[in-house]
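Q: I am new to this model and would like to learn how to read it. Could you walk me through some features one at a time?

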Amino acid sequence: MNLQIRKAFDEVKEEILIVGVPEHPENIEGWEAFSEFYHTRLQEWIKNRDVETAYKKIVTLPAFENHSFNRIAFVGLGNRKSLTEDRLRTVFSAVGKELLELKASSIAVWTTSFTNDNLTCEDVAFTAAEGLGLGSYHFEDYKTSSNEQDVTMEAMTLISSADEAELQAAVEVGTANAYAVNEARTLVNMPPNLLTPTELANYAKDLAEKYDFEIEVLGKKEMEEQGMGAILAVNKGSVEEPQLITLKYAGTEQWEDVLGLVGKGITYDTGGYSLKPRDGMVGMKGDMGGAAAVLGAMAMIGETRPAKNVLAVIASTDNMISGEAFKPDDVITSLSGKTIEVLNTDAEGRLVLADAITYAVQSGANYLVDVATLTGGVIVALGNDKTGALTNDEAFFEEFMHAATETGEFVWRLPLTESDQKRIRQSDVADLNNSPGRDGHMIFGGGFVGEFVGNTPWVHLDIAGTSSASAAHDLGPKGATGVMVRTLGTLVERMASTKE
Ligand code: BES
Ligand code: ZN
Ligand code: ZN
């Protein structure tokens, strides 16, 4: 996207000028001069609510014949004092949706109109780029006609007197974040016949090439050589090759202080022999949402290049049935050496994560975050708008929560107690069992993954509820949300900047 910065709005050449209208807009610096676009009418329109000041309400008005632009979009901001970065992101996302409808390809944003005592023009620039990018996301589907008329935004102008380099940098970060989230969304939205484990690995290879990451992809043979019995068990019923994808981003000279990001990449979850009911199976193309979050975070890191070492490990296969598929009652041996009694083949995510986590630890990860669409239990516990978390380390979790707060992605921690762990370790024939029961089973799912982290500080994220949305929401359309991409990317950036 082409960015320009101009100091005054008297020469707006873009199609749409975007203006924030809080209650009492007359307090905005420069409002009087701006009002002249509509002679003396604007104040009256606001009073009569033809132009709305209510939060998130957007009114677009056509320009007069002497104007150099086509329209003004007035964006209601509500109480100016209560504006936050989060609220601005939401507002700009709403504008993004509107621009998609209007098929606008160039816009100008009057940044000052969105500021308050706590939000600078740079903050506005950042949230505008991020919010517009998120809100205007649209999945290029497979209909034979519909994508042809799509218009993408090509040019943005900021009208601001703030420092140009800083505005530019803010827009670059915001744009990168939205791009990364949208990439993850597209992976999750893709159908499972097209996004196979091999294709997911190909995507990771392209990412590695683009951002100069080191990459390694292990297939079935290499997994057998290494003894990755857990992911291999899940893959047994499949004709698709399993893939263990590892990306390394070296942010510092020495390969030390490594943050490991581990993602569940089940490209389709039928449940296996513990088969899902027909209605519960639809949508399971999204069971690689954790992998997508990790890849999205890597894209964000590739763009912003923070001084932090990151290791991404993605375990990918589909979970199918056939004469060769694994079964309930099977006992398998994971890469760690721990044996697992399979009680439920639909609890496959924790199995593939077990090997991926072990591989990440063996590859030198000093901190671990795993992300997975792991359990229906998290939806029962927290609903569809909250990501569930577990941890074994208070300080690391706190650091993680700072990142989540910064991005506005809601995360809520559940407890993991010794009695939960006891139930995970309860088996007559093996070290662990993969399905201790349905009571509080988000905890059993994540707790099982925790059996493989050793003493490494670890945060588990269950995004089964948040990874896709059944209807359009504040930051995007129905379908994949790209949840946790920004939080993971931000965590890396924070860990880089708090290092010194
Ligand atoms: N992929 C599912 C979890 C899921 C459910 C993701 C709904 C997205 C939406 C996972 O593999 C699964 O099937 N979990 C089981 C575990 C159970 C068998 C212990 C579940 O949650 O029912
Ligand atoms: Zn499952
Ligand atoms: Zn699954």
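Q: Which oxygen contact does the side chain of Lys 276 make with ligand 1, and how long is it?
A: A polar contact is a pair of N or O atoms within 3.5 Å; within protein, one must be able to donate a hydrogen and the other to accept it, and residues adjacent in sequence count only if both atoms are side-chain atoms. Here a polar atom in the side chain of Lys 276 sits 2.8 Å from an oxygen atom of ligand 1. An N or O atom in the side chain of Glu 348 is 2.9 Å from an oxygen atom of ligand 1, and a polar backbone atom of Gly 376 is 2.6 Å from an oxygen atom of this ligand. The protein covers 86% of the 520 Å² of accessible area that ligand 1 has on its own (Shrake-Rupley method, 1.4 Å probe; for residues, only the protein chains shown count as cover).

Q: What should I keep in mind about the model and its numbering?
A: This is a predicted model, where local features need pLDDT of at least 70 and side-chain atom pairs count only at pLDDT 80 or more, while totals for chains, interfaces and linings use all residues. Residues are numbered from 1 along each chain as its sequence is written, chains are lettered from A and ligands numbered from 1 in the order in which they are written, and side-chain values use heavy atoms, with hydrogens and water left out.

Q: How many residues surround ligand 1, and of what kinds are they?
A: A residue is near a molecule or strand if one of its heavy atoms lies within 4 Å of it. Ligand 1 is surrounded by 18 residues, the closest being Lys 276, Asp 287, Asp 346, Glu 348 and Gly 376. The shell divides into 4 nonpolar, 6 polar and 8 charged residues. In this scheme Ala, Val, Leu, Ile, Met, Phe, Trp, Tyr, Cys and Pro count as nonpolar, Asp, Glu, Lys and Arg as charged, and the others, Gly among them, as polar.

Q: Which residues coordinate the zinc ion (ligand 2)?
A: Donors are N, O and S atoms within 2.8 Å of the metal (3.2 Å for Na, K and Ca); water is not among the atoms, so sites may look incomplete. For the zinc ion (ligand 2) they are Asp 269 (OD), Asp 346 (O and OD) and Glu 348 (OE), at 2.0 to 2.2 Å. Along the chain these donors follow the spacing D-x76-D-x1-E. Asp 269 lies in strand S9 (residues 258-269) and Glu 348 in the loop between strand S12 (339-341) and helix H11 (349-362), so the pair ties together parts that are 79 residues apart in sequence. Helices (H or I, at least four residues) and strands (E, at least two) are DSSP runs, numbered from the N terminus.

Q: And which protein donors does the zinc ion (ligand 3) have?
A: They are Lys 264 (NZ), Asp 269 (OD), Asp 287 (OD) and Glu 348 (OE), lying 2.0 to 2.4 Å from the zinc ion (ligand 3). Their spacing in sequence is K-x4-D-x17-D-x60-E. Asp 269 bridges this ion and the zinc ion (ligand 2), and the two ions lie 3.2 Å apart.

Q: Why is the arrangement around the zinc ion (ligand 2) called irregular?
A: Four donors count as tetrahedral if all angles lie between 85 and 135 degrees; four count as square planar and six as octahedral if opposite donors are over 155 degrees apart and all others between 65 and 115; anything else is irregular. The 6 donor atoms around the zinc ion (ligand 2) subtend angles of 73 to 169°, which makes the arrangement irregular. Around the zinc ion (ligand 3), 6 donor atoms subtend angles of 77 to 171°, which makes the arrangement octahedral.

Q: Is Asp 269 buried or exposed?
A: Buried means under 20% relative accessible area, exposed over 50%, partly exposed in between (1.4 Å probe, protein chains only). Asp 269 is buried, as is Glu 348.

Q: Where does Thr 375 lie, and what does its side chain contact?
A: Thr 375 is in the loop between S13 and H12, and it counts as buried at 4% relative accessibility. Its side chain has a polar atom 3.2 Å from the backbone nitrogen of Val 378, and a polar contact of 2.7 Å joins it to the side chain of Asp 462.

Q: Which residue has a positive phi of about 80°?
A: That is Met 484, although it is not a glycine. Met 484 sits in the loop between strand S19 (479-480) and helix H16 (485-497), and it is buried at 0% relative accessibility.
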